[in-house]
Amino acid sequence: MICQECKERPASLHFTKVVNGEKTVIELCERCAQEKGELYLLQGGAGFSINDMLAGLLNIDPAYQKAAPESISGGMLQCEVCKMTYPQFAKIGRFGCANCYQTFRHQLVPIIKKLHSGNMTHGGKVPARIGGSLHLKKELELLKEKLGFLVRQEEFEKAAEVRDQIRSLEKKLVEGEEKSE
């Protein structure tokens, strides 16, 4: 797609606006979106960046205000490497360096919870509905490693339990493969 403003560069920002049931699609290149800025937004356009959106998210909830980052000395918490403060991050919407993630880690928790609907743990790379057999194979591999460790430690009773778990998983795996064929 080509930018609707300059008609020269490829559009990298795509916005859909619905007003009174009428859908309008606006496609802009990065440069035109930056040039239009907030003035374009006020005129009903869509010239805002992801950074502006993130900065807005940071100030929506009063919980973010409670997380105002103050250091033990009573001053403003600041990144040691790039000297960015949390209010600067909230205004800009992005950190100055990789160290900022470590410096402001306590303030990021409520933001991440809000953005990810309360989820704070990574669920894996493969969705459960697609990778059922992959999960079984991974668990099987881990159990086999555990079995080898238990045998080397001569804990044969625990090893027998793990062996039974392995057989059970192998049976499930075979049944699953038969169903998919």
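Biologist: What share of the 181 residues in the protein chain is buried?

Modeller: Buried residues come to 25% of them. Keep in mind that this is a predicted model.

Biologist: And what is the secondary structure of the protein chain?

Modeller: Eight helices and two strands. Along the sequence the pattern reads β-β-α-α-α-α-α-α-α-α.

Biologist: How do you know that β1 and β2 are paired?

Modeller: Pairing takes at least two bridges, and strand β1 (residues 13-19) and strand β2 (residues 22-28) have seven, in the antiparallel sense. So they count as a pair. Thr 16, for one, stands opposite Val 25 in β2.

Biologist: Which residue in the hairpin of β1 and β2 takes a positive phi?

Modeller: Asn 20, with phi near 50°. The hairpin has two residues between the strands.

Biologist: What makes Cys 29 and Cys 79 buried?

Modeller: The cut-off for buried is under 20% relative accessible area. Cys 29 has 2%, so it is buried. Cys 79 has 1%, so the label is buried there too.

Biologist: How do you know that the buried residues of α6 line one face of the helix?

Modeller: Gln 107, Leu 108 and Ile 111 are buried in α6. Looking down the helix axis, the buried residues fall within an arc of 95°, so they line one face. Just after α6, Ser 117 takes a positive phi of about 55°.

Biologist: Why is Val 109 called partly exposed?

Modeller: Because its relative accessible area is 34%, which lies between the 20% and 50% cut-offs. Val 109 is found in helix α6 (residues 105-115). Together with Ile 112 and Met 120, Val 109 makes a nonpolar surface patch of about 220 Å².

Biologist: Now the charges. What makes Lys 144 and Glu 170 a salt bridge?

Modeller: Side chains of opposite charge can pair when their charged atoms come close. The limit is 4 Å from nitrogen to oxygen, and the closest N and O atoms of Lys 144 and Glu 170 are 3.7 Å apart, so the pair qualifies. This pair links distant parts of the chain: Lys 144 is in helix α7 (residues 132-152) and Glu 170 in helix α8 (residues 156-180), 26 residues apart. Lys 144 is partly exposed at 45%, and Glu 170 is partly exposed at 32%.

Biologist: How many salt bridges does the count come to?

Modeller: Four. Among them is Arg 163 with Asp 164, whose closest N and O atoms are 3.2 Å apart. Glu 8 with Arg 9 is another, at 3.7 Å.

Biologist: Why is Glu 8 called exposed but Arg 9 partly exposed?

Modeller: Exposed means over 50%, and Glu 8 has 59% relative accessibility, so it is exposed. Arg 9 has 23%, which puts it in the partly exposed class.

Conventions
Residues are numbered from 1 along each chain as its sequence is written. This is a predicted model: local features need pLDDT of at least 70, side-chain atom pairs count only at pLDDT 80 or more; totals for chains, interfaces and linings use all residues. Side-chain values use heavy atoms; hydrogens and water are left out. Helices (H or I, at least four residues) and strands (E, at least two) are DSSP runs, numbered from the N terminus. Patches are made of residues with over 30% relative accessible area and no salt bridge: like charges are joined within 9 Å, nonpolar side chains (Val, Leu, Ile, Met, Phe, Trp, Tyr) within 5 Å. Accessible areas come from the Shrake-Rupley method with a 1.4 Å probe; for residues, only the protein chains shown count as cover. A salt bridge is a side-chain nitrogen of Lys or Arg within 4 Å of a carboxyl oxygen of Asp or Glu. Buried means under 20% relative accessible area, exposed over 50%, partly exposed in between (1.4 Å probe, protein chains only). The arc is that of the directions from the helix axis to the C-beta atoms.
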